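Could you walk me through this structure, sheet by sheet and pocket by pocket? Let's take it in running order, with the model open alongside.

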Amino acid sequence: MKNQIGREGGNHPFSGAKANIHTYQAPVQKNLKPERIFSLEELLDRLSMHDGMTFGFHHHLRNGDFVLNRIMQEVHRRGWKDLTIAASSLFPCHEPLVAMMEDETITSIVTSYVSGPVAKAISQGKLKNPAQITTHGGRPRSILEGEFQLDIAFIAAPAVGEDGAISGSEGPSACGSMGYAVVDAQMADIVVAITDHPVKQVRKPDIAAGYVNYILVVDSIGDPKGIVSGTTQVTKDPIGLKIARDTAQLMEAAGILKDGFSFQTGAGGISLAVADEVRKKMRRNAIQGSFGCGGITGYFVDMLEEGLFEDLYDVQCFDLKAIESSEHNDHHHKISADQYANPDNPDHVAGKLDCVILGASEIDLAYNVNVTTGSDGLILGGSGGHADTATGAKLSIITTKLFNARISAIVDEVRTVTTPGEVIDAVVTEYGIAINPKRADLLEKASRDPRLHLVTIEELYAIATRMTGIPKKRPQGDGIVAYSIFRDGTILDTLYTMSKN
């Protein structure tokens, strides 16, 4: 069935970014007393496991996570089959899952982001059932609303108190805010905290006491160096710096940069350069923002400590400075993914954003954005919070070089829709700024600023194709390997086996 944007929407097609708001389902309150377990073997003996179960994992240790592989290798050794992995994200370190997909130990995956060997295996059709690639806000929404049930949540816990309270900011494997693990603790039938740092009492819990059934102590839950993924430094590339300056100027022209504004940007070089330009304008004009949010970097911590923002709302730390701040700064608030981006939570933070700066692998003439696959269909990531924040913010801006390595960022039609064009307001490139025609108000404001070079998306596409040519579209296979799922649970797009050409 075709959905509203003309893509294959299966039996639950996307019908609009704000068409499906449901009654908010509050988390379950628990009052459990945890039991200490002394080995993984003893733990699995106690868990009454069977074929067909669904396991929850979180990704705050990112590419440094040891827990998921360790659990699943023992599960695999014991021979259970037809399992669903509901991990908030999956990284290259999780390569051992590929063999488990091939022998149908794992037959389903639900995640908000997947990269590396597991992503490639999904793209090649090695997972029995199509993967569900949702958003960071869609995942807690679906769990809270009972769209699927977590049988067991395995939580990599940097510090655990005797009462079962969990902190991500203490211990040798500290990862900072554990926002994506909170709903797992609240809703799973059984919750296991796996830690390398048991303490009498944690100082600043991410997950309160009362939610953990079992505590398992191991030698190490992960390597915090793996948390830092990609660049977390302001770009020095002149093209990236120009894009950043133009983006900050667009924000100013739009009337966003004023006392009390709220802001989110990513950890990439251009995104941090935008934050740097915004920082300069805030200092120059004595502006104090209300909050920064999302995945927090040390750059945002610096802005908080300078008084440029009153608060930070942190669902995930992207570097070690952010981890340190999350433990000691009273205005650095850890929040759950439910609080961050659940569209049905009437108080979710992403819905209060004034501006979000986002990247893209591809943008098409309808402003649809792809950050899920390459042009050959290989899965490279997923929405994460992309669609959540683009939908929630008053101003959503895509920043990108027009082309890179002779590949255009602007295409006639993206390979995979991650974020629908209706929620993208502007695209900033080194060749000009394209504003979505649906935002006539923004176009009118931007037109008053002679420093902004405004173009249409079609003009950007024409420039790019003159420079790079029109790439030959790569065919896709016949087998469905995944669904790109919007935050409300509807299907934005259907992914097929990747091209072999």
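What is the strand order in the open sheet of 3 strands? This is a predicted model, and in it that sheet runs S17-S16-S21, with mixed pairing. Strand S17 (369–370) and strand S21 (410–411) sit at the edges with a single partner strand each, so one side of each has no neighbour in the sheet. Strand S16 (residues 362–364) and S21 pair in the parallel sense over 2 bridges, and if you click on Ile-363 you'll find that its bridge partner in S21 is Ile-410.

Tyr-367 counts as buried, because its relative accessibility is 3% and the cut-off for buried is under 20%.

There's another residue of this kind elsewhere in the chain. Glu-104 isn't a glycine either, and its phi is positive, about 65°. Glu-104 also belongs to a loop, in this case the one between helix H3 (97–102) and strand S4 (106–111).

S4 brings us to another sheet. This one is open too, has 10 strands with mixed pairing, and reads S1-S10-S9-S6-S2-S3-S4-S5-S25-S26. At its edges are strand S1 (35–37) and strand S26 (491–496), each pairing on one side only. From one strand to the next, the twist averages 20°.

Now pick out a few strands of that sheet. In a regular strand the side chains alternate between the two faces of the sheet. Strand S2 (residues 54–57) is covered on both faces: Thr-54 and Gly-56 on one side, Phe-55 and Phe-57 on the other, all of them buried. S2 pairs with strand S3 (residues 83–87) in the parallel sense over 4 bridges, and Thr-54 stands opposite Thr-84 in S3. Over in another part of the sheet, strand S9 (residues 190–195) and strand S10 (residues 214–217) also make a parallel pair over 4 bridges. Here Val-192 is the residue opposite Tyr-214 in S10.

By type, the lining of the largest cavity splits into 7 nonpolar, 1 polar and 1 charged.

Helix H5 (138–144) and strand S25 (480–485) are the elements that give two or more residues to the lining, and H5 gives the most, with 3 residues. The make-up of this lining is 5 nonpolar, 9 polar and 2 charged.

While you're at H5, find Arg-141, which lies in that helix. Arg-141 counts as buried, because its relative accessibility is 1%. Leaving aside neighbours within four places in sequence, Arg-141 is in contact with His-22, Glu-147, Asn-342, Pro-343, Asp-344, Arg-487, Asp-488 and Gly-489.

Helix H9 (residues 298–305) is mostly covered, with 6 of its 8 residues buried: Gly-298, Tyr-299, Phe-300, Val-301, Met-303 and Leu-304. Among the elements covering those buried residues are helix H8 (269–284), strand S12 (289–296), strand S13 (309–317) and helix H10 (320–328). After H9 comes Gly-307, with a positive phi near 85°. On the H10 side, the buried residues are Ala-322, Ile-323, Ser-325, Ser-326 and Glu-327. They pack against strand S8 (166–167), S12, H9, S13 and S14.

Definitions and conventions. Residues numbered from 1 in each chain as written. Predicted model: local features only at pLDDT ≥ 70, side-chain atom pairs only at ≥ 80, totals over all residues. Heavy atoms only, no water. Buried < 20%, exposed > 50% of the residue type's maximum accessible area, 1.4 Å probe, protein only. Contact = heavy atoms within 4.5 Å. Nonpolar A, V, L, I, M, F, W, Y, C, P; charged D, E, K, R; others polar. Pairing = 2+ DSSP bridges. Axes fitted to C-alpha atoms, helices over the stretch in contact; angles between N-to-C directions.
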